[in-house]
Amino acid sequence: MLTLTNVTKKFGELVAVNDLSFKVEDGQIFGIAGPNGAGKSTVYNLITGFYPYEGRIEFNGRDLSGMPPYKIAKAGIARTFQIPQIFPSLTVEKSISVGSRFGSRDGLDEDHVAEIIRFVELSEEKNQKTGHLNLLGKKKLMIGAALATKPRMLMLDEPMAGSNANEIKALMDLIRRINGEMGLTIIIIEHFMKVLTELTEKLLIIESGAMICCDLPEVATSDKRVIESYIGDAYVER
Ligand SMILES: Nc1ncnc2c1ncn2[C@@H]1O[C@H](COP(=O)(O)OP(=O)(O)OP(=O)(O)O)[C@@H](O)[C@H]1O
Ligand SMILES: [Mg+2]
């Protein structure tokens with residue numbers, strides 16, 4: 001479904017993504033992990049067309065290189081951002097409608113908006129201003145806004161950050177339902193290894209922009225190089 005081939009991104013002298021190749025299969029939940037500054041978010045920025053790069057990125061056989069972000073969104077790729085992006089003065093319903101309008105060719109699809117609000121379990125809060133939502137609510141809203149564009153693949157950037165155990169469980173359930181019931185392919189960047197091993201079918205570990213390994217989560221997390229560079233690190237407990 002998504003294929004990166006020899007993708008490299010340099011910011012001046014810094015090689016943020018270094019000759020990276022990997023493949024995400026249709027219907028998969030695919031994880032990406034690695035230390036701070038490893039290049040994880042940059043990989044998302046390249047896939048979604050924020051910066052030019054060397055190499056090739058294909059989605060369902062289509063070459064995404066040089067495509068502007070809105071066309072990549074129309075091709076069926078949606079994402080959330082590491083730093084929560086909400087419009088605090090809009091209501092939940094209105095915020096999801098913005099996503100729906102963005103994804104649709106023929107304007108607002110009210111039934112779809114209502115369905116998404118139910119799916120992310122924000123029905124009771126639908127007329128609330130998003131600035132009043134708690135952390136879990138804000139995260140569900142961001143995922144809902146991404147889903148409203150009717151994507152085929154959803155990319156999540158550290159969706160669990162700052163969440164407690166109950167919130168993590170709720171988000172994991174939601175991600176599983178998006179994959180299982182909506183049939184979306186999912187890529188998730190996450191620092192919580194336990195979340196990744198429980199949720200994903202395949203796990204890519206990167207360091208300094210380059211792949212350390214890409215394998216079944218239980219294989220990836222027991223890889224000697226991964227343990228040395230990453231698992232031993234404090235933020236596994238974070
Ligand atoms: N627009 C940019 N201009 C210059 N350097 C950048 C830019 N975006 C990212 N970088 C650099 O590229 C490297 C990779 O950053 P990136 O945000 O992709 O890391 P990350 O793996 O997502 O880290 P974190 O776990 O902290 O979110 C870092 O050294 C970062 O400072
Ligand atoms: Mg990041």
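This is a predicted model: local features need pLDDT of at least 70, side-chain atom pairs count only at pLDDT 80 or more; totals for chains, interfaces and linings use all residues.

Colleague: Let us begin with the metal. Which protein atoms are the donors of the magnesium ion (ligand 2), and how far from it do they lie?

Modeller: The magnesium ion has Ser41, through OG, and Gln82, through OE1, as its protein donors, at 2.1 to 2.2 Å. These two residues connect distant parts of the chain, being 41 residues apart. Serine 41 belongs to helix H1 (residues 40-47), whereas glutamine 82 sits in the loop between strand S6 (77-79) and helix H3 (92-103).

Colleague: What happens just after H1?

Modeller: Glycine 49 is found there, with a positive phi of about 80 degrees. Phenylalanine 50 also lies in this part of the chain, in the loop between H1 and strand S4 (54-59). Phenylalanine 50 is partly exposed, since its relative accessible area is 41%.

Colleague: Turning to charges, how many salt bridges does a search of the whole structure find?

Modeller: The search finds nine salt bridges. One of them joins glutamate 198 to lysine 194, with an N to O distance of 2.6 Å.

Colleague: How are those two placed in their helix?

Modeller: Both are in helix H7 (residues 193-199), and because they are four residues apart, about one helical turn separates them. In general, an α-helix has 3.6 residues a turn, so residues three or four places apart point the same way. Lysine 194 is exposed, at a relative accessible area of 58%, while glutamate 198 is partly exposed, at 41%.

Colleague: Which residue does arginine 225 pair with?

Modeller: Arginine 225 forms a salt bridge with aspartate 223, and their closest N and O atoms are 2.8 Å apart. Aspartate 223 is buried, with a relative accessible area of 16%, whereas arginine 225 is partly exposed, at 47%.

Colleague: Which residues are joined into one network by salt bridges that share partners?

Modeller: Arg56, Glu58 and Asp63 form that network. Aspartate 63 is partly exposed at 31% relative accessibility, and arginine 56 is partly exposed at 37%.

Colleague: One last topic. Which residues form the negative surface patch?

Modeller: The negative patch consists of Glu93, Glu110, Asp111 and Glu115. Helix H4 (residues 110-119) gives the most to this patch, supplying three residues.

Colleague: Is glutamate 110 buried or exposed?

Modeller: Glutamate 110, which lies in helix H4, counts as exposed because its relative accessibility is 59%, and exposed means over 50%.

Definitions and conventions
Residues are numbered from 1 along each chain as its sequence is written. Chains are lettered from A and ligands numbered from 1 in the order in which they are written. Side-chain values use heavy atoms; hydrogens and water are left out. Patches are made of residues with over 30% relative accessible area and no salt bridge: like charges are joined within 9 Å, nonpolar side chains (Val, Leu, Ile, Met, Phe, Trp, Tyr) within 5 Å. Accessible areas come from the Shrake-Rupley method with a 1.4 Å probe; for residues, only the protein chains shown count as cover. A salt bridge is a side-chain nitrogen of Lys or Arg within 4 Å of a carboxyl oxygen of Asp or Glu. Lys and Arg count as positive and Asp and Glu as negative; His and the chain ends are not counted. The place of a charge is taken as NZ of Lys, CZ of Arg, CG of Asp or CD of Glu. Buried means under 20% relative accessible area, exposed over 50%, partly exposed in between (1.4 Å probe, protein chains only). Donors are N, O and S atoms within 2.8 Å of the metal (3.2 Å for Na, K and Ca); water is not among the atoms, so sites may look incomplete.
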